[in-house]
Amino acid sequence: MAVAAAAAVEIIAGRNWRNLKVLAPVTVLFAANVVFHLEANAYGTTDIGRRLGIGATVVLIMIIGGRIIPSFTRNWLARENPGRLPVPFNRFDGATIAVSGLALIAWTFLPERPETGAALLVAALLNTARLVRWAGDRTLRDPLVIVLHAAYAFVPLGFVLAGAAAFVPDVVVPAAGLHAFGVGAIGSMTLAVMARATLGHTGRELRAGAGTCMVFAAIVVSSVLRIAAAFLPGVPALLHASAATWTVAFLGYALLFGGMLLRPRLRQRQANPAPS
């Protein structure tokens with residue numbers, strides 16, 4: 001709740017009213033934390049609280065990712081690969097977020113109902129269309145951009161798996177969608193944005209080296225393995241491999257970027273330095 005209050009102060013002070021919508025999922029995260037503890041205390045389970053928290057975070061990704069992914073993609077394409085550009089945010093994006101949010105609410109409280117499954121599958125189609133509109137297929141040469149698209153791809157995948165679980169739970173286990181959202185969308189997007197923000201805010205060139213590419217690959221592989229482990233609980237090696245690659249990803253980030261965050265920001269080089 002403190003985060004929501006601090007964000008509200010900044011938004012109001014800066015009169016940046018379009019960011020007010022971010023406060024809703026952040027406030028829901030606080031509610032999810034409360035529900036988590038109440039649920040655990042009363043029933044010994046935390047299913048509703050966990051789904052509510054994950055759903056709120058997925059909505060945050062849809063809102064914030066829907067701004068930064070097409071923006072960063074457009075900037076790179078305009079400079080490096082002129083041609084088709086991402087479609088700007090419009091009513092389709094707003095409708096996608098609204099439908100997806102309603103589907104996630106239904107998933108939180110009634111995950112097994114066929115109506116919920118249908119809503120989740122519609123949300124999957126809308127988010128897939130949204131991702132296609134961002135022209136990510138044209139950014140394969142820049143890992144810092146393409147990883148954002150790869151991370152967002154776990155959003156429609158999570159909707160597909162969660163929706164399918166409502167219809168064929170014996171084939172698609174409910175945990176698969178949960179891990180697509182949690183490990184895939186949330187984990188991958190968090191790491192992708194942290195890496196890019198660290199480079200930008202410390203005055204470094206926005207370019208991914210071999211180590212950064214390894215970090216990105218590790219988090220995507222970890223996500224795929226965790227989803228596979230949900231389908232194959234009798235193969236613990238998948239779960240262990242997912243945990244190992246998750247550790248490689250975040251430990252790799254700490255090793256590669258931690259020093260940048262502890263040292264002063266680099267000064268911008270002058271375009272035409274004076275002769276010495």
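Predicted model: local features only at pLDDT ≥ 70, side-chain atom pairs only at ≥ 80, totals over all residues.
View 1. Welcome to the largest nonpolar core, a group of 55 residues. The residues with the most contacts inside this core are Met62, Leu104, Trp107, Tyr152, Val155 and Phe159.

View 2. Which helices each supply at least two residues of the core? They are α3 (47-80), α4 (91-109), α5, α6, α7 (174-201), α8 (210-231) and α9 (236-262). The largest share comes from α6, with 12 residues.

**View 3. Phe159 and the residues it touches.** Here we zoom in on Phe159, one of the residues with the most contacts inside the core. Setting aside residues up to four places away in sequence, Phe159 touches Met62, Ser100, Ala103, Leu104, Leu120, Leu121, Ala123, Ala124, Asn127 and Phe181.

View 4. Thr73 sits in helix α3, while Ala135 belongs to the loop between α5 (114-132) and α6 (143-167). Are these residues buried or exposed? Thr73 counts as buried because its relative accessibility is 0%, and Ala135 is likewise buried, with a relative accessible area of 0%. Beyond its neighbours within four places in sequence, Thr73 is in contact with Pro86, Trp134, Ala135, Thr139, Val145 and His149. Take a look at the backbone of Ala135 too: its phi is positive, about 60°, although Ala135 is not a glycine.

Key. Residues numbered from 1 in each chain as written. Heavy atoms only, no water. Helix = DSSP H or I, 4+ residues; strand = E, 2+ residues; numbered from the N terminus. Buried < 20%, exposed > 50% of the residue type's maximum accessible area, 1.4 Å probe, protein only. Core = buried A, V, L, I, M, F, W, Y, C linked by side-chain atoms within 4.5 Å. Contact = heavy atoms within 4.5 Å.
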